[in-house]
Amino acid sequence: MAKVSSEQLGSEPIGKLLVKQALPASIGILVMSLNVLVDSIFVGNWIGSIAIAAINVVLPVSFFIGALGMAIGIGGSSIISRALGADNYEKAIKTFGNQITLTLLITTVMVALGLYYIDVLIPAFGGKGTIFEPAKIYYTIVLYGVPFLALCMMGNTVIRAEGKPKFAMIAMIIPSVGNLLMDYIFIYVFDWGMEGAAWATTVGYVLCAAYVFYFFLSKKSELKLSPACFRLDLPIIKEIGSLGFVTLSRQATTSVVYLLMNNILFGLGGEAMVAVYAIIGRMLMFALFPVFGVTQGFLPIAGFNYGAKKYQRVRESINTAIKYASLLAAVVFIGLMSVPQEIASLFLSDRAGQSAHDLAANAYVLDHISLAMRLVFAATPIIALQLIGAAYFQAIGKAVPALLLTLSRQGFFFIPLILILPNYLGELGVWLSFPIADVLATIVTGFYLRKEIKNTLVAKEA
């Protein structure tokens, strides 16, 4: 795989450069998504479908704390990309040092709070009935590894901002492979059940953090830290915060969506309905990996060239990214529309000796999954424009439009829809909320992106 330096972000042909950036990002996301997918298959087959629902309850909390690292990473990486494009190395390295300090301070505090309020958070996110105990076991162990997850997420975005997508890809692959190996050992061989699933996840996070630190301490990184870089700088913190708040708000909104969905679905169909959503949630992470990969590859290209005032290249990168991502999204759409029930069956155990409760839950999932999955992914072919459009504003440092567009789908459209439609349409209203929100958010994003290109990029080119 060809090496990409930060200077090449401003000189190579956009199409070729986007492939170099997006391919490793896509592979990394694919492996990470496969990890979530296969992990769920292992848990479903070796522990049970209720265990999948239990993990789904814990994800919003652990991912939110981990996403603090991603927020700090993406906010700071936008600064680093533009600083490198403008040949301001001092600001780039100072920003990176501040990112590390902020990540460690904030996530440690959040983990302490998460453990203190454990008996409140789990039921609030849908961990009720038979889901509560396995969710509590999983939550307690995984939370100890979340600061390592946050460091991984933060470091990964910085590696990509340097123009080193190959190493960012490896950082994403390591925890996935580690987790799957530990799953086999802890769940299948040692028979540790939910404890085994949790420890496997935590070990994966630790391995990833170790690799990220190795990268930045080696000669492979352009960013060479000194003790002074870790001292917090207020202007840099404000800039990281304003841009990172976009990512954090998106994840916070995602956590609220999980909270609402788990509780609404529990009321409509109990634990088995939560398991249906858990499977669909895994597919949302997995199936869209190529679109997310193009989006991740697009960010440093847009940010670097905007910082270097190469506005024609920025415009070209937007058009190329949308074209590539839309094509990939269409392929995903065709695949998911074809075999939804076959996909769901992979997550469900067919072992002998299952309890009547587990057999009934499996039958319920298979009966409800096909319609649900087809509706949830119905608007997939157009989702690329919304993702690339929101990412563009974040890449160039425009925090307010980035925030509003990022929140448009889940915050402004989806949450109101799932609070209203199920009252009239029941379960169907829940699943219809997904494509309606996708279409509305894409229309809004397309309008503002077109306006930005015309009023800013085209005007500055002239």
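Predicted model: local features only at pLDDT ≥ 70, side-chain atom pairs only at ≥ 80, totals over all residues.
Let's start with helix 8, which covers residues 234–287. It runs to 54 residues, yet its end C-alpha atoms sit only 40 Å apart. A straight helix would reach 80 Å at 1.5 Å a residue, so helix 8 falls short of that span. Have a look at G269 as well: helix 8 bends there by about 130 degrees.

## Where helix 8 meets helix 9

Next up is helix 9, residues 289–307. The axes of helix 8 and helix 9 come within 5 Å and cross at roughly 45 degrees.

On the helix 8 side, the contact is made by L284, M285, F286 and A287, while helix 9 brings F289, P290 and F292. By class, the residues of this contact come out as 7 nonpolar, with no polar and no charged ones.

## Helix 6 against helix 7

Helix 6 (residues 165–189) packs on helix 7 (residues 194–217) at an angle of about 150 degrees, with the axes 7 Å apart. That makes helix 6 roughly antiparallel to helix 7, and their crossing is right-handed. The residues of this contact split into 18 nonpolar, 5 polar and 1 charged.

## Helix 10 against helix 13

Here the partners are helix 10, residues 311–338, and helix 13, residues 383–395. Their axes come within 9 Å and cross at roughly 150 degrees. Angles over 145 degrees count as roughly antiparallel, and helix 10 and helix 13 are therefore placed in that class. The crossing of this pair is right-handed.

Which residues meet? Helix 10 supplies V314, I318, A321, I322, A325 and S326, and they meet A384, L385, I388 and Y392 of helix 13. That contact has 9 nonpolar residues and 1 polar, with no charged ones.

## Helix 14: a kink, but close to its expected span

Finally, helix 14 takes in residues 399–425, 27 residues in total. From its first C-alpha to its last it reaches 37 Å, close to the 39 Å expected at 1.5 Å a residue. Even so, helix 14 has a kink of about 65 degrees, centred on S408.

Just past the end of helix 14 comes G426, which takes a positive phi of about 65 degrees.

Methods: Residues numbered from 1 in each chain as written. Heavy atoms only, no water. Axes fitted to C-alpha atoms, helices over the stretch in contact; angles between N-to-C directions. Helix = DSSP H or I, 4+ residues; strand = E, 2+ residues; numbered from the N terminus. Contact = heavy atoms within 4.5 Å. Nonpolar A, V, L, I, M, F, W, Y, C, P; charged D, E, K, R; others polar. Bend = angle between axes of the 7 residues up to and from the residue. Parallel < 35°, antiparallel > 145°, perpendicular 65-115°, else oblique. Left-handed = near helix turned anticlockwise from the far one by under 90°.
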